[in-house]
Amino acid sequence: MIPDANFGWTSPVGEVVLGATEKEGGTRSRSYQIGGGTTLPFIEKEPKSPSPLIAFEICDDPQYWSPIINDFCGDLVRDPGAWAKTAENTYGADLVRLCLTSTKQRDFSNITTIGKTVETVLSSTTLPLIIEGSNEPKIDSEVFLKCGETGQGERLLLGTAEAGRYRSIAAAALAYNHSIIAQSPIDINLAKQLNILLKEIGVQKDHIVIDPFTGALGYGFEYSYSAMERIRFSALKGDADLAMPMICAPADSLTIKEVREADAKTRDAMAVEWEFATSLAAAVAGSEIVCVRHPGTVKRLKAAFAALKNRTGA
Amino acid sequence: MALKALDIYKLLPKKNCKECGDPTCLTFAMKLAAGKADVDLCPYLDTNAKSVLGATTRPPIKLVKLGVGERSFGIGEEFVLYRHDKTFYHPPGIMFKIKDTQSEEEIMAVTARVRDETLTRVGTDLKFNGVVIVNTSGTVEAYTKAVAAVEKTAGLPEILVSDNPAALTAALSLCGSYHPTLCAATPENFRQMCALAKQHSCRLVIRAPSLEALAQLAKDCVSEGVTNLLLDPAPQTLGDFINRSTAIRQLAITRAVPDLGYPVYLDATGFPDEDAAIALGIVKYASVIVTSPLSLASAKAALTLRQNIYTDPQKPIQMNPGLYKVGTPGKDAPVLMTVNFSLTYFTLQGYIESSRIPCFMLIVDTEGLSVLTSVAAGKLNETLVRDAIKKFGVENEVSHRKLIIPGYSAPLSGRIEEATGWKVLVGPRDAAEIGDYLHEQWKP
């Protein structure tokens with residue numbers, strides 16, 4: 001008789017709700033409860049926790065986006081609404097992550113447009129949203145409040161809080177009942193510290209998603225992989241300040257040399273392969289949300305996650 | 001139960017013959033007790049002592065060597081479930097599948113690709129590891145032809161896959177002296193496979209879909225005299241693989257089921273998304289991964305992921321400090337200073353190359369720490385920079401006296417100017433912006 005592999009876990013990962021349906025006070029076609037894992041990813045006896053979610057990232061100013069994606073997606077990149085709709089209906093994403101890259105413009109102050117863009121995306125897709133806000137601390141407060149207000153009732157996931165820069169985003173999340181992404185630079189202790197800071201200003205743990213920061217494959221991904229494993233390990237061992245779901249956003253995947261300098265014939269394949277391998281490994285390490293930018297990655301990941309959940313025999 | 005070194009010592013011949021590679025029987029006993037050596041290294045143990053020591057003293061996962069010569073590689077001998085607990089030691093071999101229904105040219109081309117193709121990343125050459133020759137035709141004749149085509153192309157580690165003992169016997173007459181790996185022994189055919197494996201000192205893949213059956217089969221093969229085993233838990237889905245492979249690793253390293261203490265074999269070619277199986281195999285404990293000849297994109301991603309996961313997390317990869325050239329820099333080329341953490345070096349180097357501006361990179365010794373951490377820890381300081389400029393003769397290489405430093409080391413700029421007498425320019429924080437920075441800002 002082979003004994004069950006014993007890992008000595010004591011506690012589950014905490015849960016966070018993303019999105020709100022009409023019944024829940026929002027307008028989304030579905031909401032997700034993420035987290036809740038009781039052991040290492042994909043090895044539960046009765047798979048209770050859902051498959052990792054795939055977020056497709058779009059932006060509101062493509063001059064700050066990868067030319068690979070701009071070429072592949074064509075005119076869509078100048079129409080966040082249509083792009084979000086395509087992400088839902090054609091690419092097959094579970095979530096849309098809107099990156100407000102327009103805030104990168106020098107002296108950006110057009111907060112009204114931000115509100116309009118969020119509104120457009122909310123009305124164009126029925127998927128729950130992640131909104132990646134300002135790139136400039138000076139306008140954080142206005143941008144996040146505008147996003148929070150526009151998405152009131154929708155249980156958005158707002159990004160990204162960092163140590164030393166979390167008050168504005170936390171204020172917006174608290175005021176309008178959204179959740180937030182808490183990012184730390186590939187360090188489990190800093191991740192824990194930030195969660196404690198957030199707790200102290202009143203953000204509930206079921207409103208926090210940890211982003212341990214994902215280095216691109218070949219450029220530090222191994223550190224991120226281990227940080228994710230360690231966070232999951234700590235959560236399962238009962239550390240409540242790390243028992244939150246995780247998000248993996250390998251934003252640099254498309255700017256590294258292998259992808260950036262691939263010739264025209266292989267660069268889409270290279271981009272997809274890079275995002276795919278990174279996201280799959282991150283999900284196995286414990287990420288409940290993986291973010292991608294190339295449309296070709298979404299369906300492949302979805303099929304792979306389904307296959308990981310599928311078990312024949314004992 | 002693990003034995004203490006002194007208990008083990010009592011069972012050893014006490015000849016201090018050094019044939020195991022250790023100076024005395026006692027030091028060998030200590031290694032055995034720590035799981036760092038294999039009983040088989042001692043040529044004088046009687047079978048009784050061997051069976052007592054057996055699985056309790058060898059490393060929790062046996063080290064198995066595939067192939068002979070330059071391209072041979074070791075797998076197994078792993079100790080942890082998480083790389084951060086220590087490290088993963090033996091990267092999985094990625095081996096390309098060849099079918100004996102392919103033409104001789106195709107077979108030779110795939111073999112030559114495994115022999116020659118190299119991906120150089122962060123100063124390391126990454127290669128595929130061998131070929132897997134499948135008896136798809138079912139005939140002896142086609143199989144021997146395929147094996148002969150591989151043999152005349154390269155001396156690579158080989159796995160011979162066939163249900164037909166006659167085909168394997170014929171193949172072994174060609175390549176038996178290179179100790180190939182046979183695939184696969186099952187509860188039905190293991191006696192015959194073990195006899196073949198024993199005759200040619202082959203490694204043997206054993207296959208069964210349940211861990212019970214796999215452990216029993218391992219035990220049976222060992223009692224037939226074949227000990228260099230690989231476990232194929234016969235997964236039908238990715239879920240099967242991650243569950244069985246994780247259980248095997250955990251039960252082996254805790255020595256809960258010593259009969260599962262062998263490296264894991266994964267044939268990725270049968271899965272709907274082969275790349276998914278490869279990536280999963282790399283992160284979740286596969287030691288041999290059989291793939292089809294991979295596309296450029298799949299190959300790069302697989303080799304890079306393998307390199308990342310099998311990097312020792314205890315030591316950052318370091319560059320030798322020095323003055324490095326990008327392109328052919330002249331007397332008026334910019335000098336960029338940064339740390340000797342190899343990831344920093346290669347990332348920056350990549351972006352400088354794309355900027356097409358020839359540069360000098362002055363790499364200073366921060367013991368492998370990144371810019372941020374070395375500034376915080378005080379490792380990166382003005383004395384270090386001053387000494388590096390002297391030591392590597394930067395003053396003879398350029399006619400100007402301007403040094404570009406990383407954005408994150410901006411707080412040091414004043415002190416570096418004072419210590420070196422060079423004008424310090426603070427570069428961008430993000431290496432990706434170095435091209436724009438140089439184009440806009442650099443004047444000698």
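A nonpolar core is a set of buried Ala, Val, Leu, Ile, Met, Phe, Trp, Tyr and Cys residues joined through C-beta atoms within 7 Å; buried means 20 or more other C-beta atoms within 10 Å of the residue's own, exposed 12 or fewer, and partly exposed in between, with C-beta atoms placed from the backbone. The model is predicted: local features need pLDDT of at least 70, and side-chain atom pairs count only at pLDDT 80 or more, while totals for chains, interfaces and linings use all residues. Residues are numbered from 1 along each chain as its sequence is written, and chains are lettered from A and ligands numbered from 1 in the order in which they are written.

**The core**

Select A:V96, A:L158, A:L280, B:L204, B:I206 and B:L260; of the 239 residues in the largest nonpolar core, these touch the most other members. Next take helix α9 (residues 267-285) of chain A, which gives the most to this core, with twelve residues. (Helices, H or I of at least four residues, and strands, E of at least two, are DSSP runs numbered from the N terminus.) In chain B, domain 2 (64-309) and domain 3 (322-441) each contribute at least three residues to this core; the domain bounds come from an automatic or database assignment.

Another core, of twelve residues, lies apart from it, and includes B:I8, B:A29, B:A37 and B:L53.

**Between the chains**

Select the residues where chains A and B touch: 46 from chain B and 40 from chain A. Contact here is C-beta atoms, placed from the backbone, within 7 Å. On the side of chain B that touches chain A, α8 (211-223), α9 (238-253), α10 (274-283), α11 (296-309) and α12 (342-355) of chain B each supply at least two residues.

**Helix α7 of chain A**

Move to residues 221-236 of chain A. The expected span of a helix is 1.5 Å times one less than its number of residues, so the 16 residues of α7(A) should span 22 Å, and the 23 Å between its end C-alpha atoms agrees. Of these 16 residues, 15 are buried. Just after the helix, A:G238 has a positive phi of about 105°.

**Chain B and a hairpin**

Finish at β4 (residues 118-121) and β5 (residues 124-127) of chain B, which pair in the antiparallel sense over four bridges; pairing requires at least two DSSP bridges. B:L119 stands opposite B:L126 in β5(B). Two residues separate the strands of this hairpin, and B:V122 in the turn has a positive phi of about 35°.

Definitions and conventions:
Two residues are in contact if their C-beta atoms, placed from the backbone, lie within 7 Å.
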